Each structure stands twice: as structure tokens, then as C-alpha cells.
Amino acid sequence: MPQFELILPKMGESVAEATIIKWLKQPGDQINEDEAIVEIATDKVDSDVPSPVSGKLIKYLFQENDTAQVGDVIALIDIDGDEERQPDSTETPVHEIETEEASFVEEDNIDLPIEEEIPGLAHLDIPAREEENSTIRNETSARFYSPLVKSIAAEEGLSMKDLDSITGTGAEARVTKQDLIDYISKQSEKPITETEVATTKAPTVEEPKSDPFTPRETEQAVSVDSDFSSSGNDEIIEMDRMRRLIADHMLMSVQTAPHVTSFVETDVTSIVKWREKNKASIEKKIGEKITYTPIFIQAVAKALRDFPLVNVSVNGNQIIKKVDINIGMAAALPTGNLIVPVIRKADQLNLIGLTKAVNDLANRSKTNKLQPDEVKDGTFTITNIGSFGNIMGTPIINQPQVAILAIGVIQKKPAVIETEFGDVIGVRHKMYMSLSYDHRVVDGALGGMFLKKISDYLEDWDFDYEI
């Protein structure tokens, strides 16, 4: 029977490789057209790769945890018919990628739990790391090591000699990611000698630093400053790749931008009562559940149009004013990591369009259907810490953006209400909003006025508004 070569597809302009997480089919299994055959992961998003043909899986050319490049042949499939089908030039090539399974944590009403720390991730345009230092790049070995294994080894400062000493449990005795993690864990449990302590804690002043933001130096700083010790009962958890990316990105952000945070308390009584009144009819009318998230996004988009100097990024001494308003929603994943899907040109969408966009991104995230391009190019980020019952927070800016908004929990509070008959005390629905901004380009006046404008738009909500 003719064979079809399954290609790792292109998954976005900035994604060149992927990691094989799990093969969903085994050699000899029958496969239907469009049936998922393998789970892959990139540094941005996890997804399934469907088979474009029906047939029988002959073999896969990459093992789980191996990393493949876009365009690589990752599996061979026996197909029915007399002619061998070759990938069409318009078909997306498929590639193996290693990453963790991830999906949005979401409530039934599609409100996204949005965290104050922004990943990255999943959702961040983080340049490919130059972690394979000269030790790994320049040394050779008779053994084969996947790019992922080499990358982790370089991160941990291991030499090729160290890699060669590891007993591999993979196919043909290859060293897998787990083998490497186990090796690193055992190494970390070794007692530190007095010489090592002296060397670590007293670096010479003349010792050069290639880059203050490199992950390796960050790890060294943590190990030096924390006087790490562990009892036999402590659990050591290795950071996965996504968590390391988030850690690096957050550290880079606070070291790059001087963070300032402003706060405002907002009365959202009209919005709460409007939603309670209309949510059933809106769902029946447009087939979508209405949540607070699209309402917040609409107010932010309007305020960004009023204050375009908040919708910018910084390049050295240059301020780059963005034409599009692309708003990201920082969402927590079940693994504890984060992802930020982006609604592009949010200011050009009405409330129905925003509602459909929010729900679509949320629903597809739960089945790992987000595309890498859907978690990049954000110009402003919103994080809903109120989903966890938090009142307020000081979120970290998602570089290269210059501001991020945290939305606190909505609470009933007694408040003074001005009426034509005088002031009265009444119960109002209120929440705090906090804006962290980059003080290099956003001063307190601009940040404060922008935050107040968002609050004004929310407080001026028309209770009689109809969709």
C-alpha cells in the first residue's frame, strides 16, 4: 500500500519546533481522516495533530519527549488507494513538540480565572534562548541527544561528559528528559563541600557577566542567596519548561521596567444588575453566555483609544505607539502555569463580538486548540484576580507591554448615594482595579487618568442597553 508522510505543521510565524507529548495512536492502529494522532507542545501552546488521511499507522519517527522541527516527517501511514498522496503545498507541515498538557481553568459561565502574573507563556513572545552554551555546542559525542535534552543540559550547566555518563532508558538507550531530570535531582542532593561554598559565595569582582537576565545566572543567584537546604522528607519539584519561561520572563520584566501601581474603586452596580436581568435572554438570542470579561475588555479598549500612549512598547530610547489594540487575558492553567490568549483589534468589536471571541478562546483552550498566533502580539493585558476572591493586587507587566490591569472581586458594600432628596446609605456592588505601569514612559498622571477613565466607562454603564 502507498505510504503517506505525516509532516509536523507550521504552528505560527514564530514557532519553529515542537515536542512530542503523547502518541494517541500506536503502530498498527487504524486512523480516520482528521482523527488526532499525536499531542504536541510548543513554548506557546499545546495542541493535537490530526491525520489528513485515513489508513494504518506504520510507525512514528519521533519518540515521546523528542523535539521535531516544523516540516519534519514524524510518522508514516499506509493509506487506501492506488496513488500515494503527498502533502499539498497549502497543507501545514506537522512537527513534534514536547510540552505539558494545558487547558483553561474556567467556570461554567466562561469567566476566565485571570492571574496577576502573566505568562507566558503560554502566551508570551519570548525569543528562543541561547541556552546551549559553548560547552554543549562545541563538544561532540557518539551518542544522540535530542535538542530538548541538550537545551536542558545547557540550562543546568552540564557538559557533554556529564550527558555521556547518564544511563538512558529511551529507545536504543537514548537519554530522555526524565533521565536528565532524575540525574539533575540526584546531583542536587550531593553535599556541598566547603571549597564549593567558598567559591560560590565569594565570586571575584572581576568576573564578567555576559547577561544579567540569562536563566543560568538567575538560578545561580537563587542558589547562592537562599542557603538552600532540604530534609529527607521535603519534596523537590523540577520546574517544567513553561514554568521556567514564565520565571525568566517575570524576572526580566521587573528588572527592565520600574513598576508603579495605581488603584481605584469602581461602582459596577449597574453592570451587575444589567447582567442578571439580561443574561438568559442574551444566551437565547446569540447562543453565547455573557460574562463580565467582555464588558471589562470593552471599557479598556475604549480607554486605550482615549490614551494611546498607554498602548505602546519601548525599544531603547524609542516609544513605539501601536496601531492595533490587542488585549490579552491572563488565564490560569490546571498545572499552575499561565497562558494569555489575545483578542486582536478589540476596539473594533462590539459586545457581541467580544463575547464570542472570549468564549471561543476559552472553549478551544480547554481542548488544546489554541494556535500560537492567538497568544502573541498583545498590546495590553487584563488579569482577573477577583476570580480567586482577591480584592486587589500589583501585577507584573507583560513585556514588551507597558501596563497591565488587575480586576478584583466584586463585593456588596454600604455606600453613600446622592439623590435629589439628599444623601442616603445603600448597598452597592463595588470592586478595586489596579494598574501596574512602566514608569519609564507612563507617568503617574497618565497612568492615573487612564485607570480612572476605565472606571468611568464601567460606572456609566447604561442599564437599558440592549444587545
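**Reading one residue, then the chain**

Mentor: Begin with M392, which counts as partly exposed because its relative accessibility is 39%. Buried would need under 20% and exposed over 50%. Keep in mind that this is a predicted model.

Trainee: Where in the chain is the place of M392?

Mentor: M392 lies in the loop between β16 (380-383) and β17 (403-407).

Trainee: Which residues make a nonpolar surface patch with M392?

Mentor: A patch takes residues with over 30% relative accessible area. Here F263, I391 and M392 make a nonpolar one of about 260 Å².

Trainee: How do I read a helix, and what does α11 reach from its first C-alpha to its last?

Mentor: Compare its span with the one expected at 1.5 Å a residue. Helix α11 covers residues 444-459, 16 residues in all, and reaches 22 Å, close to the expected 22 Å.

Trainee: Which residues of α11 are buried, and what do they pack against?

Mentor: The buried ones are L446, G447, F450, L451, I454, S455 and L458. They pack against the strands β9 (259-267), β16, β17 and β19 (422-438), and against the helices α8 (269-286) and α9 (292-306). β16 and β17 are also the strands on either side of the loop that holds M392.

Trainee: How many helices and strands does the protein chain have?

Mentor: The protein chain has 11 helices and 19 strands. Of its 467 residues, 45% are buried.

Trainee: What share of contacts between residues at least 6 apart in sequence join residues at least 24 apart?

Mentor: In the protein chain that share is 69%.

Conventions
Residues are numbered from 1 along each chain as its sequence is written. This is a predicted model: local features need pLDDT of at least 70, side-chain atom pairs count only at pLDDT 80 or more; totals for chains, interfaces and linings use all residues. Side-chain values use heavy atoms; hydrogens and water are left out. Patches are made of residues with over 30% relative accessible area and no salt bridge: like charges are joined within 9 Å, nonpolar side chains (Val, Leu, Ile, Met, Phe, Trp, Tyr) within 5 Å. Accessible areas come from the Shrake-Rupley method with a 1.4 Å probe; for residues, only the protein chains shown count as cover. A salt bridge is a side-chain nitrogen of Lys or Arg within 4 Å of a carboxyl oxygen of Asp or Glu. Helices (H or I, at least four residues) and strands (E, at least two) are DSSP runs, numbered from the N terminus. Buried means under 20% relative accessible area, exposed over 50%, partly exposed in between (1.4 Å probe, protein chains only). The expected span of a helix is 1.5 Å times one less than its number of residues. Contact means heavy atoms within 4.5 Å.
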